[in-house]
Amino acid sequence: MPNMTKADGKMILGINDAPSYEGLIQEFPPRPIHNDSQLQAAQNRIDALIDLERELTSDESDYLDILGTLVWEYEQTLEPIPDINGVELLKVLVEERGLRQKDLVPIFKAESIVSDVFK
């Protein structure tokens with residue numbers, strides 16, 4: 001439906017292309033997320049809103065908040081990713097991939113450096 005916009009003290013006819021909150025709900029009803037395909041669908045919808053080349057309307061922001069909350073709630077049910085970095089992360093990756101220290105020599109350029117890292 002066209003909306004009226006006031007400019008220079010006169011009323012002019014304008015068109016609001018942004019969907020209403022109800023329209024957003026009808027296009028993609030927010031529901032609790034139970035699996036990765038539902039997560040991906042919600043993430044795609046979030047990305048579409050974030051990628052708009054304009055400022056979000058308050059309806060779009062509210063809808064985005066709901067989708068974000070549903071994604072966050074689902075992610076809280078997943079197994080946490082361990083908080084490791086640096087040498088510990090490298091050791092885990094080497095072990096998971098069945099590598100040996102000497103497999104890393106091309107990356108570090110010298111076997112002595114690899115040995116020093118893994119001490």
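The following dialogue examines a predicted model of one protein chain.

Biologist: What pattern of helices and strands does the protein chain follow along the sequence?

Modeller: The protein chain contains 6 helices and 2 strands.

Biologist: Which element gives the most to the lining of the largest pocket?

Modeller: The largest pocket holds about 160 Å³ of space. The elements that give two or more residues to its lining are helix 2 (36–50) and helix 3. With 3 residues, the element that gives the most is helix 2.

Biologist: How many residues in the lining of the largest pocket are nonpolar, polar and charged?

Modeller: The lining includes Phe28, Pro29, Arg31, His34, Gln38 and Leu67. Arg counts as charged, whereas Phe, Pro and Leu count as nonpolar. For the whole lining, the classes come to 9 nonpolar, 2 polar and 1 charged residues.

Biologist: In which helix do Lys91 and Glu88 both lie?

Modeller: The side chains of Lys91 and Glu88 form a salt bridge, with an N to O distance of 3.9 Å. Lys91 is partly exposed at 28% relative accessible area, and Glu88 is partly exposed at 47%. The two residues are 3 residues apart, about one turn of the helix, and both lie in helix 4.

Biologist: Which residue meets Lys119 in a salt bridge?

Modeller: Lys119 lies in the segment after helix 6. Lys119 counts as exposed because its relative accessibility is 76%. The N to O distance in its salt bridge is 3.5 Å, and the partner is Asp116.

Biologist: How far apart in space are Lys119 and Val87, C-alpha to C-alpha?

Modeller: In sequence, Lys119 and Val87 are 32 residues apart. In space, their C-alpha to C-alpha distance is 9.5 Å.

Biologist: How many salt bridges does the count come to?

Modeller: By the 4 Å rule, the count comes to 5.

Biologist: What is the phi of Lys109?

Modeller: Most residues other than glycine have a negative phi. Lys109 is in the loop between helix 5 (105–108) and helix 6 (111–117), and it counts as exposed at 70% relative accessibility. Although Lys109 is not a glycine, its phi is positive, at about 75°.

Biologist: What is the area of the nonpolar surface patch that Ile84, Leu89, Val92 and Leu93 make?

Modeller: Ile84 is found in the loop between helix 3 (58–76) and helix 4 (86–96). A residue needs over 30% relative accessible area to belong to a patch, and Ile84 is partly exposed at 33%. Together with Leu89, Val92 and Leu93, Ile84 makes a nonpolar patch of about 250 Å².

Terms used. Residues numbered from 1 in each chain as written. Predicted model: local features only at pLDDT ≥ 70, side-chain atom pairs only at ≥ 80, totals over all residues. Heavy atoms only, no water. Patch = residues over 30% accessible without salt bridge, like charges linked within 9 Å, V, L, I, M, F, W, Y side chains within 5 Å. Areas by Shrake-Rupley, 256 points an atom, 1.4 Å probe, with all protein chains shown as cover. Helix = DSSP H or I, 4+ residues; strand = E, 2+ residues; numbered from the N terminus. Buried < 20%, exposed > 50% of the residue type's maximum accessible area, 1.4 Å probe, protein only. 1 Å grid on protein atoms, 1.4 Å probe; cavity = no way out; pocket = protein on both sides within 12 Å on 5 of 7 lines; lining within 4 Å. Points joined across faces, edges and corners; volume = space filled by probe spheres on them.
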